[in-house]
Amino acid sequence: MAEKKLRVELLSMTPNALELLYAAFRQCYHAGFVADMWPRLLNGEIPPEKQAGLVSRVLESGHDSPVEHVSFSFAVEGISRACSHQLVRHRLASYSQQSQRYVTESDMEYILPPAIARIPEARERFEAFMQEVGSAYADLRDILVAHGRASKANEDARFVLPQAAETKIVLTMNCRALRHFFHLRCCARAQWEIRALADAMLVICREKLPAIFATAGARCVELGYCPESERFTCGKYPLRKDMA
């Protein structure tokens, strides 16, 4: 039983992402067939800077459906089941999550909330309970195995596992879904754990495809004002009603 830290790795992204986005945007406004310009895009005849410039300008106009042609796949570990339940609310994505039915949790790792970690007596009680959970899980699993539930012991013993239990997941989102994800989950109002996940993913996306993600993040970053109500704003940006 041990605390687990967040780790996010990019597994894959659509090849020739910038060229594909440029072609998709151009096709919307181009009388010809973009397949004819595709070889020129790949061999650099149309400079990447020009491609990125067009993509960024059109995206800023609000025309964002073409960015759905490019997707990113991430491997994530060190998030809690509580966090993964929030993550899968983003439905325009694909998920493959570690199963508690097939993976034994006898040595369950867990996520420790920072607010609890900062208070010694809270941390002590939390970690003691994690040990209790681990012991209960192991005992129940052994009892179930002894009573003939060997192949099903995990799926029944897992009912004692907490939301703090660490999980691993592979997720794929297209760029439009990612930008929406960042709008919501990079916001100061987002829960701390999924905000940390979103921030880590955004760092990778900005590095790999700045034409799409250089200005991505919480909605206020793009809007220049806070879209929340006065009750919920963090105060970093002015409210819309206060804009001149």
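Predicted model: local features only at pLDDT ≥ 70, side-chain atom pairs only at ≥ 80, totals over all residues.
Colleague: Where does R89 lie?

Modeller: R89 is in the loop between α4 (81-87) and β4. The names come from DSSP runs: helices are H or I over at least four residues, strands are E over at least two, and both are numbered from the N terminus. Residues are numbered from 1 along each chain as its sequence is written, and side-chain values use heavy atoms, with hydrogens and water left out.

Colleague: R91 is found in that loop between α4 and β4 too. What makes R91 count as buried or exposed?

Modeller: Exposed means over 50% relative accessible area, buried under 20%, and partly exposed in between (1.4 Å probe, protein chains only). R91 has 70% relative accessibility, so it counts as exposed.

Colleague: And why is N16 put in its class?

Modeller: N16 has a relative accessible area of 39%, so it goes down as partly exposed. N16 sits in the loop between β2 and α1, and its phi is near 50°, a positive value in a residue other than glycine.

Colleague: What makes L87 buried?

Modeller: Its relative accessibility is 0%, so buried it is. L87 belongs to helix α4. Setting aside residues up to four places away in sequence, L87 touches Y95, I169, L171, M173, F181, I194 and L197, where contact means heavy atoms within 4.5 Å.

Colleague: Why is N154 called buried?

Modeller: The relative accessible area of N154 is 8%, which means buried. N154 is part of helix α7 (residues 153-157), and among the residues it touches are Q100, T104 and R141.

Colleague: What makes the link between N154 and Y137 a polar contact?

Modeller: The term needs a pair of N or O atoms within 3.5 Å; within protein, one must be able to donate a hydrogen and the other to accept it, and residues adjacent in sequence count only if both atoms are side-chain atoms. The side chains of N154 and Y137 are joined at 3.4 Å, and that is a polar contact.

Colleague: How do you know that β2 and β3 pair?

Modeller: Two strands pair if DSSP finds at least two bridges between them. β2 and β3 (residues 71-80) have 6 bridges, in the antiparallel sense; in β3, A75 is the bridge partner of E9.

Colleague: What makes β2 and β4 edge strands?

Modeller: The open sheet has 4 strands in the order β2-β3-β6-β4, with antiparallel pairing. β2 (7-13) and β4 (93-97) each pair on one side only.

Colleague: How do you know that the length of helix α1 agrees with its residue count?

Modeller: The expected span is 1.5 Å times one less than the number of residues. With 13 residues (17-29), α1 should span 18 Å, and its end C-alpha atoms are 19 Å apart, which agrees. Its buried residues, including L18, L21 and F25, pack against β2, α2 (38-42), α3 (48-60) and α10 (210-213).
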